[in-house]
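Colleague: I would like to go through this structure with you and ask, term by term, how each label was reached.

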Amino acid sequence: MTRTCLFHISANHYEPFPAQHHTRRIWHELAKGFDEYHIVARGKRNRYVHSVDGSIHLHLLPAFGERMWPFFFLSWFLPWFVFRYRPTHMLAQCPVLGGLAAACCAKLFRIPLFVELHGAHYFAPSRPGWKGVLEHGLYRHLSRMTFLAATRIRSLSEDMSDYILQVYGPETYKKVVVIPNRVDLEIFHHVKRSYEAGPTVRIITVGNFYKNKNHGALIEDLCASNIPFRLTIVGAGPLRDEYLAISELLHVRDQIEMVSLDHKSLASLLPKQDIYVHYSLSEGVSRAILEAMAAGLPVVATRVGFIKGVLCDRANALVIDKPYTVGLVNSIRVLATSENLRKRLGVAARETIETYFEWNHVFDQYRSAIKAMRLEAE
């Protein structure tokens with residue numbers, strides 16, 4: 001019987017086994033059907049660590065700080081790992097960070113390569129200013145080299161596939177397979193049952209505290225609406241103090257809560273809220289939105305990223321266009337006064353997740369697409 005071995009290259013950082021985290025479940029899903037599964041990723045220590053859990057090998061490269069760019073250079077040790085462990089399939093989570101090294105290995109060792117795309121920065125600047133333009137230029141041009149070597153390219157939605165065709169051309173588009181993000185309904189099994197709301201609207205949003213998540217503007221625009229609200233922001237990041245300052249300045253500090261939660265705690269909290277708002281300026285296909293939909297929450301989201309086909313305005317969400325302030329205020333007002341609308345959107349959102357984004361269904365597609373590469377190569 002032919003030995004099968006999947007190599008997964010990721011710029012995310014992890015603790016070695018036996019550490020437990022949500023991604024470990026994903027690794028166990030991807031490992032199914034392979035004799036060995038190796039993850040090459042960033043560690044949180046300044047040394048190489050190799051730990052093993054059954055058939056899963058976790059190779060953590062030295063961190064050298066919090067930023068990702070050291071991984072770009074360290075990933076060029078990948079040929080040594082490939083020579084040592086002889087993978088039969090490769091998966092790159094980013095076309096550039098680790099993806100370029102994987103592309104070279106794919107060509108050098110004739111191994112089929114599956115490449116993922118997350119985020120909108122491949123198609124347009126995802127943040128204002130020269131840094132956004134430079135980031136977009138680098139990702140857009142360097143990813144082309146990886147796509148040339150790739151066997152398959154994962155798109156998260158038909159909307160994203162259309163952008164790939166426009167930006168990278170028909171030869172790259174031929175390699176595209178649509179595999180959406182997934183929601184673990186074993187964790188997100190708490191579903192909102194009552195859509196009654198009190199005089200104060202309970203609003204929740206999820207996203208790390210960075211400029212593109214636009215949490216500061218969300219606080220300001222909710223204040224401008226004159227609607228009684230309480231906002232929970234789930235996440236963490238460098239802008240926490242800035243959000244606190246905005247809240248103090250607008251005299252709404254007691255209406256704002258900022259918390260960092262694991263998935264189980266978030267799954268329990270979501271159905272207790274009235275509305276989920278995603279006010280981001282740039283996204284791929286937000287998993288946070290999908291998880292709020294799984295909880296049966298009515299969603300208000302900016303029309304950014306590749307949500308067309310996921311969010312359908314007035315069918316399973318309210319999608320707002322620029323100027324976002326007007327759209328947000330109007331959406332919150334209509335939802336705050338209509339229990340029927342909250343319920344209709346929330347129920348439709350949950351049905352969307354169960355039909356198209358359920359964990360096991362998506363992983364079947366995911367594994368099948370990766371394994372099929374070998375058959376195509378033969």
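Colleague: Why is R86 called partly exposed?

Modeller: The model is a predicted one, and in it R86 has a relative accessible area of 47%. Buried means under 20% and exposed means over 50%, so R86, at 47%, is called partly exposed. This residue is found in the loop between α3 (78-85) and β5 (89-92), and R86 has a positive phi of about 55° although it is not a glycine.

Colleague: What makes R110 count as exposed?

Modeller: The relative accessibility of R110 is 73%, and since the cut-off for exposed is over 50%, R110 counts as exposed. R110 is placed in the loop between α4 (99-109) and β6 (113-116), where R110 has a positive phi of about 55° without being a glycine.

Colleague: What makes the aromatic pair of Y48 and F81 tilted?

Modeller: The rings of Y48 and F81 lie 5.9 Å apart, centre to centre, with 50° between the planes. Centres within 6.5 Å make a pair, while planes under 30 degrees apart would be stacked and over 60 edge-to-face, so an angle of 50° leaves the pair of Y48 and F81 as tilted. At 5% relative accessible area F81 is buried, whereas Y48, at 36%, is partly exposed.

Colleague: And why is the pair of Y122 and Y139 called edge-to-face?

Modeller: For Y122 and Y139 the angle between the planes is 90° and the distance is 5.5 Å centre to centre; an angle over 60 degrees counts as edge-to-face, so the pair of Y122 and Y139 takes that name. Y122 lies in the loop between β6 and α5 (130-149) and Y139 in helix α5, so the pair ties together parts that are 17 residues apart in sequence. With the cut-off for buried at under 20%, Y122 at 2% counts as buried, and Y139 at 16% is buried as well.

Terms used. Residues are numbered from 1 along each chain as its sequence is written. This is a predicted model: local features need pLDDT of at least 70, side-chain atom pairs count only at pLDDT 80 or more; totals for chains, interfaces and linings use all residues. Side-chain values use heavy atoms; hydrogens and water are left out. Helices (H or I, at least four residues) and strands (E, at least two) are DSSP runs, numbered from the N terminus. Buried means under 20% relative accessible area, exposed over 50%, partly exposed in between (1.4 Å probe, protein chains only). Rings of Phe, Tyr and Trp (its six-membered ring) pair if their centres lie within 6.5 Å; planes under 30 degrees apart count as stacked, over 60 as edge-to-face and the rest as tilted.
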